[in-house]
Amino acid sequence: MSDVVSSTPDTARAEGEKLVGIVLVSHSAAVAVSVAELATGLAGGGTLAPVAPAGGDGSGGLGTSSELISAAAAAVDRGAGVAVLTDLGSAVLTVKALLAEGDELPSNTRLVDAPFVEGAVAAVVTASAGADLAAVEAAAAEAYTYRKV
Amino acid sequence: MLDADFFRRWMTATAVSVEHEAGRLTDLDSPIGDADHGSNLQRGFRAVAATLEKEEPGTPGAVLTLAGRQLISTVGGASGPLYGTLLRRTGKALGDAAEVDEQQFAEALRTGVDAVMQLGGAAPGDKTMIDALVPAVDALGRSFAAARTAAEEGAVATTPLQARKGRASYLGERSIGHQDPGATSSALLIAALAETAGE
(Lines give C-alpha, C1' and ligand atoms only; values in the text may rest on other atoms or scores of the structure.)
Protein backbone atom coordinates (compact mmCIF):
# COMPACT_ATOMS: atom_id res chain seq x y z
CA MET A 1 0.00 0.00 0.00
CA SER A 2 3.04 2.26 0.12
CA ASP A 3 3.23 2.73 -3.64
CA VAL A 4 -0.12 4.46 -4.12
CA VAL A 5 0.25 7.78 -5.91
CA SER A 6 -0.28 11.07 -4.10
CA SER A 7 -3.83 12.36 -3.93
CA THR A 8 -3.01 15.32 -6.14
CA PRO A 9 -1.38 15.08 -9.59
CA ASP A 10 1.37 17.58 -8.82
CA THR A 11 4.12 17.39 -11.40
CA ALA A 12 6.44 19.56 -9.31
CA ARG A 13 6.46 17.05 -6.48
CA ALA A 14 9.53 14.89 -6.35
CA GLU A 15 9.12 11.31 -7.45
CA GLY A 16 8.47 9.06 -4.49
CA GLU A 17 7.75 11.80 -1.99
CA LYS A 18 4.99 10.55 0.21
CA LEU A 19 2.58 12.62 2.24
CA VAL A 20 1.35 11.95 5.75
CA GLY A 21 -2.31 10.91 5.79
CA ILE A 22 -4.87 12.49 8.12
CA VAL A 23 -7.86 10.70 9.68
CA LEU A 24 -10.58 12.74 11.39
CA VAL A 25 -12.64 10.79 13.94
CA SER A 26 -15.80 12.34 15.35
CA HIS A 27 -18.93 11.00 17.05
CA SER A 28 -20.81 12.68 14.22
CA ALA A 29 -20.38 11.72 10.56
CA ALA A 30 -21.44 15.25 9.56
CA VAL A 31 -18.80 16.81 11.82
CA ALA A 32 -16.03 14.56 10.50
CA VAL A 33 -16.93 15.22 6.86
CA SER A 34 -17.31 18.97 7.41
CA VAL A 35 -14.04 19.35 9.28
CA ALA A 36 -12.31 17.42 6.49
CA GLU A 37 -13.84 19.84 3.95
CA LEU A 38 -12.88 22.83 6.06
CA ALA A 39 -9.29 21.68 6.53
CA THR A 40 -8.73 20.78 2.89
CA GLY A 41 -10.45 24.00 1.81
CA LEU A 42 -8.13 26.10 3.98
CA ALA A 43 -5.07 24.15 2.86
CA GLY A 44 -5.07 25.92 -0.47
CA GLY A 45 -5.11 24.79 -4.06
CA GLY A 46 -1.78 22.99 -4.35
CA THR A 47 -0.91 19.45 -3.42
CA LEU A 48 -3.26 18.08 -0.78
CA ALA A 49 -2.42 15.47 1.77
CA PRO A 50 -4.88 12.57 1.80
CA VAL A 51 -7.63 13.21 4.36
CA ALA A 52 -10.40 10.80 5.37
CA PRO A 53 -13.31 11.36 7.76
CA ALA A 54 -14.38 8.52 10.09
CA GLY A 55 -17.49 9.82 11.79
CA GLY A 56 -20.46 8.28 13.53
CA ASP A 57 -21.22 4.71 14.53
CA GLY A 58 -21.25 3.37 10.99
CA SER A 59 -25.03 2.98 10.83
CA GLY A 60 -26.19 6.58 10.77
CA GLY A 61 -26.04 7.29 14.50
CA LEU A 62 -23.71 9.16 16.81
CA GLY A 63 -20.81 7.08 18.09
CA THR A 64 -17.51 5.56 17.07
CA SER A 65 -16.86 2.79 14.58
CA SER A 66 -13.56 0.92 14.69
CA GLU A 67 -14.26 -0.35 11.16
CA LEU A 68 -14.62 3.16 9.78
CA ILE A 69 -11.43 4.24 11.56
CA SER A 70 -9.42 1.28 10.25
CA ALA A 71 -10.74 1.78 6.71
CA ALA A 72 -10.01 5.52 6.78
CA ALA A 73 -6.46 4.95 8.04
CA ALA A 74 -5.81 2.37 5.33
CA ALA A 75 -7.24 4.72 2.69
CA VAL A 76 -4.89 7.62 3.54
CA ASP A 77 -1.76 5.57 4.21
CA ARG A 78 0.88 6.48 1.62
CA GLY A 79 3.75 5.04 3.60
CA ALA A 80 4.68 8.30 5.35
CA GLY A 81 2.56 7.70 8.43
CA VAL A 82 -0.99 8.51 9.46
CA ALA A 83 -2.04 11.19 11.97
CA VAL A 84 -5.39 10.53 13.66
CA LEU A 85 -7.32 13.39 15.27
CA THR A 86 -10.37 12.71 17.39
CA ASP A 87 -13.09 14.60 19.18
CA LEU A 88 -13.70 13.02 22.60
CA GLY A 89 -14.63 10.04 24.74
CA SER A 90 -15.09 6.82 22.81
CA ALA A 91 -13.38 8.29 19.74
CA VAL A 92 -10.17 8.71 21.75
CA LEU A 93 -10.51 5.36 23.52
CA THR A 94 -11.30 3.43 20.34
CA VAL A 95 -8.25 4.79 18.51
CA LYS A 96 -6.05 4.00 21.53
CA ALA A 97 -7.46 0.47 21.72
CA LEU A 98 -6.88 -0.05 17.99
CA LEU A 99 -3.29 1.18 18.33
CA ALA A 100 -2.79 -1.26 21.20
CA GLU A 101 -4.05 -4.11 18.99
CA GLY A 102 -0.95 -3.68 16.86
CA ASP A 103 -2.30 -4.82 13.50
CA GLU A 104 -5.53 -2.86 13.10
CA LEU A 105 -3.99 0.39 11.83
CA PRO A 106 -1.06 1.11 9.46
CA SER A 107 2.24 0.63 11.26
CA ASN A 108 3.18 4.31 11.48
CA THR A 109 -0.13 5.62 12.85
CA ARG A 110 -0.31 8.11 15.72
CA LEU A 111 -3.13 9.50 17.78
CA VAL A 112 -2.42 13.23 17.77
CA ASP A 113 -3.32 15.20 20.90
CA ALA A 114 -4.87 18.31 19.37
CA PRO A 115 -8.09 20.34 19.27
CA PHE A 116 -10.26 18.75 16.60
CA VAL A 117 -11.04 21.62 14.22
CA GLU A 118 -7.98 23.81 14.64
CA GLY A 119 -5.71 20.78 14.86
CA ALA A 120 -7.19 19.31 11.67
CA VAL A 121 -6.51 22.52 9.75
CA ALA A 122 -2.93 22.67 11.04
CA ALA A 123 -2.35 18.99 10.32
CA VAL A 124 -3.69 19.09 6.76
CA VAL A 125 -1.82 22.28 5.87
CA THR A 126 1.44 20.91 7.30
CA ALA A 127 1.05 17.46 5.77
CA SER A 128 0.19 18.98 2.39
CA ALA A 129 3.46 20.91 2.51
CA GLY A 130 5.30 17.61 2.69
CA ALA A 131 6.16 17.62 6.40
CA ASP A 132 6.87 14.34 8.15
CA LEU A 133 4.62 12.77 10.77
CA ALA A 134 6.41 14.32 13.75
CA ALA A 135 6.06 17.80 12.23
CA VAL A 136 2.40 17.23 11.42
CA GLU A 137 1.82 16.07 15.00
CA ALA A 138 3.66 19.10 16.43
CA ALA A 139 1.70 21.54 14.24
CA ALA A 140 -1.62 20.02 15.24
CA ALA A 141 -0.72 19.97 18.95
CA GLU A 142 0.47 23.57 18.76
CA ALA A 143 -3.07 24.59 17.86
CA TYR A 144 -3.83 24.22 21.59
CA THR A 145 -1.68 27.29 22.27
CA TYR A 146 -3.54 29.71 19.99
CA ARG A 147 -5.59 31.67 22.51
CA LYS A 148 -8.71 33.44 21.27
CA VAL A 149 -9.01 36.10 23.94
CA MET B 1 -8.63 -25.59 36.82
CA LEU B 2 -10.40 -23.28 34.39
CA ASP B 3 -10.52 -24.28 30.72
CA ALA B 4 -11.70 -22.62 27.50
CA ASP B 5 -15.21 -23.89 28.07
CA PHE B 6 -15.34 -22.13 31.46
CA PHE B 7 -14.43 -18.81 29.88
CA ARG B 8 -16.83 -19.32 26.99
CA ARG B 9 -19.62 -20.01 29.53
CA TRP B 10 -18.58 -16.87 31.46
CA MET B 11 -18.97 -14.76 28.34
CA THR B 12 -22.30 -16.39 27.48
CA ALA B 13 -23.57 -15.84 31.03
CA THR B 14 -22.51 -12.20 30.79
CA ALA B 15 -24.40 -11.85 27.51
CA VAL B 16 -27.54 -13.28 29.14
CA SER B 17 -27.16 -10.99 32.14
CA VAL B 18 -26.58 -7.88 29.99
CA GLU B 19 -29.61 -8.83 27.90
CA HIS B 20 -31.67 -9.07 31.09
CA GLU B 21 -30.32 -5.84 32.66
CA ALA B 22 -29.95 -3.67 29.53
CA GLY B 23 -32.95 -1.52 30.43
CA ARG B 24 -31.60 -0.88 33.92
CA LEU B 25 -28.12 -0.01 32.59
CA THR B 26 -29.60 2.45 30.12
CA ASP B 27 -31.81 3.95 32.86
CA LEU B 28 -28.74 4.49 35.04
CA ASP B 29 -26.98 6.05 32.04
CA SER B 30 -29.84 8.50 31.38
CA PRO B 31 -29.32 11.11 34.11
CA ILE B 32 -25.49 11.20 33.92
CA GLY B 33 -24.63 9.73 30.50
CA ASP B 34 -26.08 9.47 27.03
CA ALA B 35 -28.58 6.67 27.73
CA ASP B 36 -26.92 4.05 25.56
CA HIS B 37 -24.92 1.88 27.95
CA GLY B 38 -27.41 -0.99 28.03
CA SER B 39 -28.02 -1.10 24.29
CA ASN B 40 -24.30 -0.75 23.51
CA LEU B 41 -23.29 -3.62 25.77
CA GLN B 42 -26.23 -5.70 24.54
CA ARG B 43 -25.00 -5.34 20.97
CA GLY B 44 -21.42 -6.07 22.02
CA PHE B 45 -22.04 -9.19 24.09
CA ARG B 46 -24.51 -10.58 21.55
CA ALA B 47 -21.68 -10.36 19.03
CA VAL B 48 -19.27 -11.94 21.53
CA ALA B 49 -21.59 -14.90 22.15
CA ALA B 50 -22.15 -15.41 18.41
CA THR B 51 -18.43 -15.24 17.60
CA LEU B 52 -17.44 -17.66 20.36
CA GLU B 53 -20.02 -20.15 19.14
CA LYS B 54 -18.82 -19.87 15.56
CA GLU B 55 -15.04 -19.80 16.05
CA GLU B 56 -14.72 -22.07 19.10
CA PRO B 57 -11.37 -20.74 20.38
CA GLY B 58 -9.52 -23.52 22.18
CA THR B 59 -7.75 -21.83 25.11
CA PRO B 60 -8.84 -19.47 27.92
CA GLY B 61 -6.57 -16.77 26.51
CA ALA B 62 -8.00 -17.13 23.00
CA VAL B 63 -11.59 -16.94 24.28
CA LEU B 64 -11.01 -13.66 26.11
CA THR B 65 -8.83 -12.14 23.39
CA LEU B 66 -11.47 -12.85 20.75
CA ALA B 67 -14.27 -11.57 23.00
CA GLY B 68 -12.36 -8.35 23.67
CA ARG B 69 -11.64 -7.77 20.02
CA GLN B 70 -15.31 -8.26 19.23
CA LEU B 71 -16.35 -5.68 21.84
CA ILE B 72 -13.94 -3.09 20.44
CA SER B 73 -15.37 -3.54 16.95
CA THR B 74 -19.10 -3.72 17.74
CA VAL B 75 -19.98 -1.55 20.75
CA GLY B 76 -19.59 1.95 19.30
CA GLY B 77 -19.34 3.71 22.66
CA ALA B 78 -16.58 4.11 25.24
CA SER B 79 -17.54 0.82 26.91
CA GLY B 80 -16.35 -1.04 23.76
CA PRO B 81 -12.66 -0.15 23.96
CA LEU B 82 -12.75 -0.24 27.78
CA TYR B 83 -14.31 -3.71 28.18
CA GLY B 84 -12.52 -4.85 25.03
CA THR B 85 -9.17 -3.88 26.54
CA LEU B 86 -10.09 -5.53 29.85
CA LEU B 87 -10.80 -8.88 28.19
CA ARG B 88 -8.03 -8.71 25.60
CA ARG B 89 -5.30 -7.87 28.10
CA THR B 90 -6.57 -10.49 30.51
CA GLY B 91 -6.60 -13.01 27.66
CA LYS B 92 -3.10 -12.08 26.51
CA ALA B 93 -1.83 -12.41 30.08
CA LEU B 94 -3.18 -15.97 30.17
CA GLY B 95 -1.01 -16.87 27.18
CA ASP B 96 -1.80 -20.10 25.33
CA ALA B 97 -2.27 -22.42 28.31
CA ALA B 98 -5.07 -24.97 27.83
CA GLU B 99 -6.08 -24.55 31.47
CA VAL B 100 -5.31 -21.95 34.12
CA ASP B 101 -5.77 -22.04 37.88
CA GLU B 102 -7.69 -19.44 39.83
CA GLN B 103 -4.53 -17.68 40.98
CA GLN B 104 -3.26 -17.30 37.41
CA PHE B 105 -6.62 -15.97 36.34
CA ALA B 106 -6.73 -13.48 39.21
CA GLU B 107 -3.29 -12.17 38.22
CA ALA B 108 -4.30 -11.94 34.55
CA LEU B 109 -7.50 -10.07 35.40
CA ARG B 110 -5.45 -7.60 37.43
CA THR B 111 -3.32 -7.00 34.33
CA GLY B 112 -6.52 -6.35 32.40
CA VAL B 113 -7.87 -3.93 35.01
CA ASP B 114 -4.53 -2.08 35.05
CA ALA B 115 -4.75 -1.73 31.26
CA VAL B 116 -8.25 -0.26 31.54
CA MET B 117 -7.02 2.28 34.09
CA GLN B 118 -4.19 3.23 31.76
CA LEU B 119 -6.47 3.50 28.71
CA GLY B 120 -9.16 5.60 30.37
CA GLY B 121 -6.93 7.39 32.86
CA ALA B 122 -9.33 6.54 35.69
CA ALA B 123 -8.35 5.73 39.27
CA PRO B 124 -10.43 4.27 42.10
CA GLY B 125 -12.94 6.86 43.34
CA ASP B 126 -13.51 8.49 39.94
CA LYS B 127 -17.00 6.91 39.69
CA THR B 128 -16.19 4.46 36.90
CA MET B 129 -16.08 0.71 36.20
CA ILE B 130 -12.76 0.70 38.05
CA ASP B 131 -14.65 1.15 41.34
CA ALA B 132 -16.21 -2.29 40.86
CA LEU B 133 -13.30 -4.04 39.15
CA VAL B 134 -10.48 -3.18 41.55
CA PRO B 135 -12.29 -4.48 44.67
CA ALA B 136 -13.35 -7.56 42.66
CA VAL B 137 -9.78 -8.37 41.65
CA ASP B 138 -8.61 -7.79 45.24
CA ALA B 139 -11.23 -10.28 46.49
CA LEU B 140 -10.73 -12.84 43.73
CA GLY B 141 -7.84 -14.41 45.65
CA ARG B 142 -10.40 -15.49 48.28
CA SER B 143 -13.24 -16.76 46.09
CA PHE B 144 -15.40 -15.97 43.10
CA ALA B 145 -18.30 -15.28 45.45
CA ALA B 146 -16.19 -12.77 47.38
CA ALA B 147 -15.31 -11.05 44.10
CA ARG B 148 -18.99 -10.80 43.18
CA THR B 149 -19.86 -9.24 46.54
CA ALA B 150 -16.94 -6.82 46.31
CA ALA B 151 -17.92 -5.73 42.79
CA GLU B 152 -21.56 -5.20 43.75
CA GLU B 153 -20.57 -3.21 46.84
CA GLY B 154 -18.11 -1.21 44.76
CA ALA B 155 -20.83 -0.36 42.22
CA VAL B 156 -23.28 0.75 44.93
CA ALA B 157 -20.52 2.81 46.56
CA THR B 158 -20.19 4.95 43.39
CA THR B 159 -23.55 6.61 44.15
CA PRO B 160 -22.25 9.38 46.45
CA LEU B 161 -19.15 9.99 44.32
CA GLN B 162 -18.65 12.87 41.91
CA ALA B 163 -17.73 11.68 38.41
CA ARG B 164 -14.24 12.62 37.28
CA LYS B 165 -14.11 10.74 33.95
CA GLY B 166 -16.26 10.51 30.86
CA ARG B 167 -19.38 12.42 29.93
CA ALA B 168 -20.71 12.31 33.51
CA SER B 169 -17.75 14.43 34.65
CA TYR B 170 -19.21 17.42 32.77
CA LEU B 171 -22.08 17.37 35.28
CA GLY B 172 -19.78 18.05 38.21
CA GLU B 173 -21.65 17.89 41.51
CA ARG B 174 -24.87 16.95 39.73
CA SER B 175 -23.36 13.51 39.06
CA ILE B 176 -23.55 12.83 42.83
CA GLY B 177 -26.44 10.60 43.88
CA HIS B 178 -26.45 8.35 40.80
CA GLN B 179 -24.96 4.87 40.66
CA ASP B 180 -22.38 4.62 37.89
CA PRO B 181 -23.61 2.54 34.93
CA GLY B 182 -20.11 1.28 34.06
CA ALA B 183 -19.47 0.09 37.61
CA THR B 184 -22.89 -1.56 37.52
CA SER B 185 -22.17 -3.47 34.30
CA SER B 186 -18.76 -4.45 35.67
CA ALA B 187 -20.54 -5.96 38.67
CA LEU B 188 -22.71 -7.94 36.23
CA LEU B 189 -19.57 -9.25 34.52
CA ILE B 190 -18.11 -10.41 37.84
CA ALA B 191 -21.46 -11.84 38.99
CA ALA B 192 -21.59 -13.88 35.77
CA LEU B 193 -18.10 -15.13 36.59
CA ALA B 194 -19.17 -16.34 40.04
CA GLU B 195 -22.30 -17.89 38.56
CA THR B 196 -20.18 -19.74 35.98
CA ALA B 197 -17.95 -21.03 38.77
CA GLY B 198 -21.04 -22.29 40.61
CA GLU B 199 -20.59 -19.87 43.51
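User: What do buried, exposed and partly exposed mean here?

Analyst: Buried means under 20% relative accessible area, exposed means over 50%, and partly exposed lies in between. The model is a predicted one.

User: Why is A:V117 called partly exposed?

Analyst: A:V117 has a relative accessibility of 34%. Buried would require under 20% and exposed over 50%, so A:V117 counts as partly exposed. This residue is found in helix α4 of chain A, residues 116-128.

User: Why does A:G61 count as partly exposed?

Analyst: The relative accessible area of A:G61 is 27%. A:G61 sits in the loop between β2 and α2 of chain A.

User: What does A:G61 touch, not counting residues up to four places away in sequence?

Analyst: With that exclusion, A:G61 touches A:H27 and A:G56. A:S28 is 33 residues away from A:G61 in sequence, and their C-alpha atoms are 7.5 Å apart.

User: Why are β2 and β4 of chain A said to stand at the edges?

Analyst: The open sheet has four strands in the order β2-β1-β3-β4 in chain A, with parallel pairing. β2 (51-55) and β4 (109-111) of chain A each have a single partner strand, so one side of each is left without a neighbour in the sheet. Neighbouring strands of this sheet are turned by 20° against each other on average, direction ignored.

User: How do you know that β1 and β3 of chain A are paired?

Analyst: Pairing requires at least two bridges found by DSSP. Strands β1 (residues 21-26) and β3 (residues 82-86) of chain A are joined by five bridges, so they pair. The two strands run parallel, and A:I22 stands opposite A:A83 in β3(A).

User: Which helices lie across β1 and β2 of chain A, and at what angle to β2(A)?

Analyst: Helix α1 (residues 29-42) of chain A lies across β1 and β2, running at about 160° to β2(A). Helix α2 (residues 66-76) of chain A lies across β1, β2 and β3, at about 180° to β2(A).

Notes: Residues numbered from 1 in each chain as written. Chains lettered and ligands numbered in written order. Predicted model: local features only at pLDDT ≥ 70, side-chain atom pairs only at ≥ 80, totals over all residues. Heavy atoms only, no water. Buried < 20%, exposed > 50% of the residue type's maximum accessible area, 1.4 Å probe, protein only. Axes fitted to C-alpha atoms, helices over the stretch in contact; angles between N-to-C directions. Contact = heavy atoms within 4.5 Å.
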